[in-house]
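Let's take a walk through this model, starting with how its helices cross and ending in a loop. Keep the viewer open and follow along.

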Amino acid sequence: MTQDLTLDEIRAKLAPGIAANAAFDGWSDAARDMAAQAGGIDTDIAALAFKDGPVDMIDAWFAHIDDVMLAAVPPERLALIKVREKITALVEARLDATSIDRESLRRAVAILALPQNLAKATRLGWRTVDTIWRAAGDVATDYNYYTKRTILLGVYASTITVFLDDESEGLADTRAFLRRRIDGIMQFEKAKAGFLKRTEHGFSLSRFVGRLRYPTA
């Protein structure tokens, strides 16, 4: 029963409907209330669930899209393909999940680009790229964790820019752009791995400084 739902569950339940309405009504109270009425949720409860307004609604929708993405590319499929194919498949699945609400995404991007929302926008983007890398099997905990996600965040952001104005058949232009950028990531990772291997036993500034501070006997 809807009255037994938690606020988190209400956000998850209403997010797709709000996104569908946002194409026409923006990320507004009206879009939220229409989704609530359609879902049998009291509009005052819906307002409480999204107390921070449009950014809360966008946050919930992006989380929903991440779930759709993971369902579209299940672990058993990911286990059979290479890393670059995993990243490509996951990003394409996310684009496919937002394609029906592309105008809503355009409006969401405009809201998140406002100065007061930039920190939140970065957190949402980071959450998505972290979800993608984890689904792809990345278990890095060192600086690789940050470099992989930072680079993919840039790739995803630029791909969205292409995606929003792509009128090609089957989003062919966006898919080609994405694949070129992901190829760039893989080439960078390969070059970085080679560099680290070559310098593994070479001079280390951090070790040198450490020895100055804590010389061995």
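Helices here are DSSP runs (H or I, at least four residues), strands are E runs of at least two, and the numbering goes from the N terminus.

Now the ground rules. This is a predicted model, so local features need pLDDT of at least 70, side-chain atom pairs count only at pLDDT 80 or more, and totals for chains, interfaces and linings use all residues. Residues are numbered from 1 along each chain as its sequence is written, and side-chain values use heavy atoms, with hydrogens and water left out.

**The overall picture**

The protein chain has 11 helices and zero strands. Of its 217 residues, 40% count as buried, where buried means under 20% relative accessible area, exposed over 50% and partly exposed in between (1.4 Å probe, protein chains only). Contact means heavy atoms within 4.5 Å. Among contacts in the chain between residues at least 6 apart in sequence, 67% join residues at least 24 apart.

Axes are lines fitted to C-alpha atoms, for helices over the stretch in contact, and angles run from 0 to 180 degrees between N-to-C directions.

| Helix pair | Axis distance | Angle |
|---|---|---|
| α6 and α8 (residues 118–135) | within 9 Å | roughly 135 degrees |
| α6 and α9 | within 12 Å | roughly 40 degrees |

How do these get labelled? As for handedness, α4 and α6 cross in a right-handed way, the crossing of α6 and α8 is right-handed, and α6 passes α9 in a right-handed crossing.

On the α9 side, α6 brings I87, V91, R94, L95, T98 and S99 to meet L152, Y156, T159, I160 and F163. Where α4 meets α6, the α4 residues include W61, F62 and I65, while L90, A93, R94, A97 and T98 come from α6.

Zoom in on V91, which sits in α6. V91 is buried, at a relative accessible area of 1%. Leaving aside neighbours within four places in sequence, V91 is in contact with I132, Y156 and L178. The C-alpha atoms of V91 and Y156 are 7.7 Å apart, although 65 residues separate the two along the chain.

In helix α9 (residues 143–164) you'll find T159. T159 counts as buried at 0% relative accessibility. Not counting residues up to four places away in sequence, T159 touches L95, T174, F177 and L178.

Helix α7 (residues 102–112) has its own buried set, namely R102, S104, L105, A108, I111 and L112. Those buried residues pack against α1 (7–25), α4, α6, α8 and α9.

**Rings and charges**

How many aromatic pairs does the structure hold? There are five. Rings of Phe, Tyr and Trp (its six-membered ring) pair if their centres lie within 6.5 Å; planes under 30 degrees apart count as stacked, over 60 as edge-to-face and the rest as tilted. Y145 and Y146 have ring centres 4.9 Å apart and planes at 80 degrees, so this pair is edge-to-face. Y145 is also buried, at 15% relative accessibility. Elsewhere, ring pairs link W27, W61 and F62 into a cluster.

Two charges join the rings. A charge sits over a ring if NZ of Lys or CZ of Arg is within 6 Å of the ring centre and within 35 degrees of the ring normal. R94 places its charged end over the ring of F62, 5.4 Å from the centre, and K148 does likewise over W133, at 5.2 Å.

**A loop residue to check**

Last stop: L171, in the loop between α9 and α10 (172–199). Most residues other than glycine have a negative phi. L171, though, has a phi near 55 degrees, a positive value in a residue other than glycine. At 10% relative accessibility, L171 counts as buried.

Note on methods: A crossing is left-handed if the near helix is turned anticlockwise from the far one by less than a right angle, and right-handed if clockwise.
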